[in-house]
Each structure stands twice: as structure tokens, then as C-alpha cells.
Amino acid sequence: MRRARAFDWPEVLDRLGRLYGRGDWRVPYLRDHAEDPFQVLIGTILSQRTRDEATDAASARLFARFPDPGSLARAPPKEIEPLIRATGFYRTKAKRLPEVARAVLDRFDGEVPNDLEALLTLPGVGPKTANCVIVFGYGEPGMPVDTHVHRIANRLGLVRTTSPEETEAALRRTVPKEFWIPLNPVLVQHGQNLCRPIRPKCAECPIAEFCATGVALSSGRAPPRDEDAPPRTTHRARVHRPAMALRRRRGRTGRVA
Ligand code: SF4
């Protein structure tokens, strides 16, 4: 029975790098503000439940008016709302962002901490956002796990988890630290292109031989995640398909041709 090859991070990253190019894979709201951990923090909060293009535009508008903790802490939510209207839950975010800025000012002297535990005490900051600040704001190893990373890590067979939080903990235990920084942008890129949420394009995937799902599907076996299994022919379809064919052949006369 064919099994996936032992997972080889340098080889996997090399193959994905050749497929997607070796440039900077960060989306603009992370790339353009990477020198400034505060803007990475605010951009990542804006990105929650929002498409990347909307986050990019909203971040650019917001930071043109309120670029730092001091200005954003004083900004009235009604002035923030039109700048970030394209993002999901923009009214809630318009209230939340000055709270975050005030917390950074009051509790951390205006410097966003580069420590996971401290970041998680900020309002509206969960594990993914905190890890994004570590990786994209400070260029240090972190493990931001979004839906792409969670799904692909399970498809690859690297983890067997039911939530991004569990996936983060499992990947921290198993992935060598030298691969933590590229892991998120590479897998997000893969998740937006070939390894999509529904019907991944395994036949075109350059890392299929390392992937438990790719190997299982190509060998007719069940993949690790039930939802990746090919649709089954239902009992009803099996029973009724011959009957339908017979009806078609009978035609209007009711006789079999
Ligand atoms: S083989 Fe399929 S499931 Fe596995 S990483 Fe590639 S696209 Fe995703």
C-alpha cells in the first residue's frame, strides 16, 4: 500500500517556492507595515473576517490618518468607521482599535510587546494575531495558524486536530523552529491556490507525495479528513440510475428500444 513520504520541510518549501516564486509572499497589509509592529497588529485585527484586498485598502486609509498608538488612541470611532467600512464588523473594530492603542500606550509605554503572553492580554488579540505580530512585526519565530494552515497541516497528516489552537500547539511541538517564519505565508499561498478548502487540486500539487491526503486519494483510500473524501455514490443513486436509464431507453411508448 502506498504511503506518503517522510515529511521533509526543506524539500517541501523548495518545491512550493519554485511553484509560487520566491518573492515576498506576505499580503500588502503585512508587507507594507512590517517595519512597524503596531501597524502589523492593527492590520491583523482589521483582517479578521475580511478578504485581504479589503484589509489592504482599509489599512492604507487608516494609517494615513492614524499611524501610531498616540493618534489612534484619540480617534473617535465615528471617524474610523468610514476608513475601514470595507472590513467585516467594521463598527466593532472602530471601537476596538482605539482601545488596543490605549492599552499599548498605557501598559507598554507605546511599544507593542514581542512576547506572546503579553500580546494576548490586549483587547481583540487572539493567538493568530499575536503570532502574526511576532513573525511579521518582529521577524521572530512564531506560529500564526489561520484556516489555511489548520486545514493543510491536517491534510498533509502533520497534525490530527480539530481547531487552529490545537494545530498551533501541535506544529510548535513538531516543526523545527527554523521553518516557523516561512510556514504561514507559504501555506496560505498554497491554500489560496492549489490546496483550496473544497476540491484541492492534488493532481497539480508538487508536494503530493509528502501529503497523506494526496497519496490516499490517488490510491483510492480514505483521506485523514472525512470532508476531503470524494463524494460517494448514494444508495438511492445506485438504485435509481439503472431505472432512469431504462426509462430513457423505453421512450414515450414504454417499450425498450
Ligand atoms: S496533495 Fe492535495 S491535499 Fe495535499 S497539499 Fe497538495 S493539494 Fe493539498
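**Helices and ligand shell of the predicted model**

Helix H10 and helix H13 (212-218) each contribute at least two residues to the shell around the ligand. The model described here is predicted. The shell as a whole consists of Arg-155, Leu-156, His-190, Cys-195, Pro-200, Cys-202, Cys-205, Ala-208, Cys-211, Thr-213 and Gly-214. Sorted by class, seven of these residues are nonpolar, three are polar and one is charged. The largest cavity is where the ligand sits.

The chain that forms this site is built from helices. Its secondary structure amounts to 14 helices and zero strands, and the pattern along the sequence is therefore α-α-α-α-α-α-α-α-α-α-α-α-α-α. The chain has 257 residues, of which 45% count as buried. When contacts between residues at least 6 apart in sequence are considered, 57% of them join residues at least 24 apart.

Helix H12 covers residues 180-192. From its first C-alpha to its last, this helix of 13 residues reaches 19 Å, close to the 18 Å expected at 1.5 Å a residue. H12 is mostly covered, with 10 of its 13 residues buried. The buried residues are Trp-180, Leu-183, Asn-184, Pro-185, Val-186, Leu-187, Val-188, Gln-189, His-190 and Gly-191. They pack against four helices, namely H1 (9-20), H9 (127-137), H10 (147-156) and H11 (164-174). His-190, one of the buried residues of H12, also belongs to the residues that surround the ligand.

Trp-180 lies in helix H12. Its relative accessibility is 6%, so Trp-180 counts as buried, the cut-off being under 20%. Apart from neighbours within four places in sequence, Trp-180 is in contact with Pro-141, Gly-142, Met-143, Leu-171, Arg-172 and Val-175. Gly-142 is 38 residues away from Trp-180 in sequence, yet the two C-alpha atoms are 6.1 Å apart in space.

Asn-193 is located in the loop between H12 and H13. Asn-193 and Cys-205 are separated by 12 residues in sequence and by 10.0 Å in space, C-alpha to C-alpha. Cys-205 is itself one of the residues around the ligand.

At 1.5 Å a residue, the 12 residues of H1 should span 16 Å, and the end C-alpha atoms are 16 Å apart, so the two values agree. The buried residues of H1 are Trp-9, Val-12, Leu-13, Arg-15, Leu-16, Gly-17 and Tyr-20, and they pack against H12. An α-helix has 3.6 residues a turn, so residues three or four places apart point the same way. After H1 comes Gly-21, which has a positive phi near 90 degrees.

Arg-15 is a residue of helix H1. Arg-15 counts as buried because its relative accessibility, 17%, is under 20%. Leaving out neighbours within four places in sequence, Arg-15 is in contact with Arg-5, Pro-206, Ile-207, Glu-209 and Phe-210.

Elsewhere in the chain, helix H6 (77-84) has Ile-80, Glu-81, Leu-83 and Ile-84 as its buried residues. These pack against helix H3 (37-47), helix H4 (52-65), helix H5 (69-74) and H7.

Most residues other than glycine have a negative phi. Phe-89, found in the loop between H6 and helix H7 (90-108), has a phi near 55 degrees, which is positive although the residue is not glycine. Phe-89 is exposed, because its relative accessible area of 54% is over 50%. Asp-109, placed in the loop between H7 and helix H8 (116-119), likewise has a positive phi near 55 degrees and is a residue other than glycine. The relative accessibility of Asp-109 is 71%, so this residue also counts as exposed.

Methods
Residues numbered from 1 in each chain as written. Predicted model: local features only at pLDDT ≥ 70, side-chain atom pairs only at ≥ 80, totals over all residues. Heavy atoms only, no water. Expected span 1.5 Å × (residues − 1). Buried < 20%, exposed > 50% of the residue type's maximum accessible area, 1.4 Å probe, protein only. Contact = heavy atoms within 4.5 Å. Near = heavy atom within 4 Å. 1 Å grid on protein atoms, 1.4 Å probe; cavity = no way out; pocket = protein on both sides within 12 Å on 5 of 7 lines; lining within 4 Å. Sits in = over half its atoms within 2 Å of the grid points. Nonpolar A, V, L, I, M, F, W, Y, C, P; charged D, E, K, R; others polar.
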